[in-house]
Amino acid sequence: MSEPHIRKVRPDELEEVWRVHVASSNDLLVRRGRPAARPTDAPVASDARAGLASDPDGYFCAVEEGQIRGMVSALVRGRVWYLSMFFVLPGDQGRSLGRALLERALAYGEARGAEIRCTWATLDPRAQARYVMAGMAPRWPIYRLDGDAAAVTRLKARAGLDPRERELPCDPGAAEKLTAEVFGHGRADDLAHWRSDGAAAVAIERGGELAAFAYRRGQRIGPAAGRDETALLQAVAAAAVAGAGGGGSVTMRVPGACASLLEALVSCGFRIGDPTLFMASRLFGRPELYLPSGPILY
Ligand SMILES: CC(C)(COP(=O)(O)OP(=O)(O)OC[C@H]1O[C@@H](n2cnc3c(N)ncnc32)[C@H](O)[C@@H]1OP(=O)(O)O)[C@@H](O)C(=O)NCCC(=O)NCCS
């Protein structure tokens, strides 16, 4: 058997690399007694394409006997290195392919001068072991929360808008500035990607200033950011109302750090799904004021 070879992913290999992601994450779900989430021929997520476009030097695959058997993707945003995706084919796990892939992804962060390492992790012990050994400690769970139309109606009532506050369409520049404040670094290119991917945005304005915003793609809410937890809740509620229009449901991933948002959602009847974990070498920004877009771009 030939030695595994780690190399960068070429744009024309994105489909094949995505198959590894889908096979590995479906296998993980089945091992945990859940149904496989995605059909094996699911199209490449637009966020994964954006990751390769923004960080082509942080996207690697492990090739053995001419087949891609593992993949890793890391993003650098300011001083933050974020591990976006990390998957090895089920039959090849536990053979150190992950170790070799992660070494390259970590070296990419070092070369870019990143100071903080973080990721959104599954509870897979092999993944946990690799992350802990790379200096990332578990910080808090991230819950998937799903709300039906009735839960969204309760959330809207709960969030209530003060007469001094108004719900408006969101100015991209103001969202960029607020994101930079709470995340610790601007995400202008990511925000532009989400808008080009069909995101609709709502803003909460207070005294002529942006107090919070939330992006929504179809039923999925995030990213969202606020100057305080009340404003964040209002923006998320406004986006949820727009997303559940016509009696549908909405979904989002809420870090445990967003304690008051989490409490409001669960109290209003949003249902908690499987937890994942936020892991980081150290804390940064204002994590209680940022609702991530999803696992791939955070
Ligand atoms: C996570 C993943 C990419 C790692 O790749 P891999 O090739 O299986 O990992 P490796 O063989 O390089 O490393 C696994 C490590 O976990 C350790 N390990 C395994 N089970 C363990 C446990 N219960 N406790 C502690 N360490 C454990 C192994 O000893 C090994 O460490 P070592 O190299 O120091 O001996 C792969 O297992 C995978 O695809 N898992 C399913 C999908 C997933 O959860 N991905 C993470 C997304 S956030």
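This is a predicted model: local features need pLDDT of at least 70, side-chain atom pairs count only at pLDDT 80 or more; totals for chains, interfaces and linings use all residues.

Reader: Why is A201 called buried?

Author: A residue counts as buried when 20 or more other C-beta atoms lie within 10 Å of its own; A201 has 23 other C-beta atoms within 10 Å, and therefore A201 is buried. This residue lies in strand β8, residues 200-206.

Reader: Which residues is A201 in contact with, leaving aside its neighbours within four places in sequence?

Author: Contact requires C-beta atoms within 7 Å, and with those neighbours set aside A201 is in contact with P169, C170, A175, F213, A214 and Y215. As for A238, which is 37 residues from A201 along the chain, the C-alpha atoms of the two are separated by 9.5 Å.

Reader: What makes the buried residues of helix α4 line one face of the helix?

Author: The buried residues of α4, which spans residues 125-133, are A127, R130 and Y131. Seen down the axis of α4, these residues fall within an arc of 95°, so they line one face of the helix. On the other side of α4, P125, A129 and M133 are exposed. In general, an α-helix has 3.6 residues a turn, so residues three or four places apart point the same way.

Reader: Which elements do the buried residues of α4 pack against?

Author: They pack against β4 (80-88), α3 (97-111), β5 (116-121) and β12 (271-280). After α4 comes G135, whose phi is positive, near 90°.

Reader: Which element gives the most to the shell around the ligand?

Author: Helix α4 gives the most, with five residues. Of the 21 residues around the ligand, Q93, G98, R99, D124 and A129 come nearest, and by class the shell has nine nonpolar, seven polar and five charged residues.

Reader: What does A235 touch, not counting residues up to four places away in sequence?

Author: With those residues not counted, A235 touches V202, I204, A212, F213, A214, A224 and G226.

Notes
Residues are numbered from 1 along each chain as its sequence is written. A residue is buried if 20 or more other C-beta atoms lie within 10 Å of its own, exposed if 12 or fewer, and partly exposed in between; C-beta atoms are placed from the backbone. Helices (H or I, at least four residues) and strands (E, at least two) are DSSP runs, numbered from the N terminus. The arc is that of the directions from the helix axis to the C-beta atoms. Two residues are in contact if their C-beta atoms, placed from the backbone, lie within 7 Å. A residue is near a molecule or strand if its C-beta atom, placed from the backbone, lies within 6 Å of it. Ala, Val, Leu, Ile, Met, Phe, Trp, Tyr, Cys and Pro count as nonpolar, Asp, Glu, Lys and Arg as charged, and the others, Gly among them, as polar.
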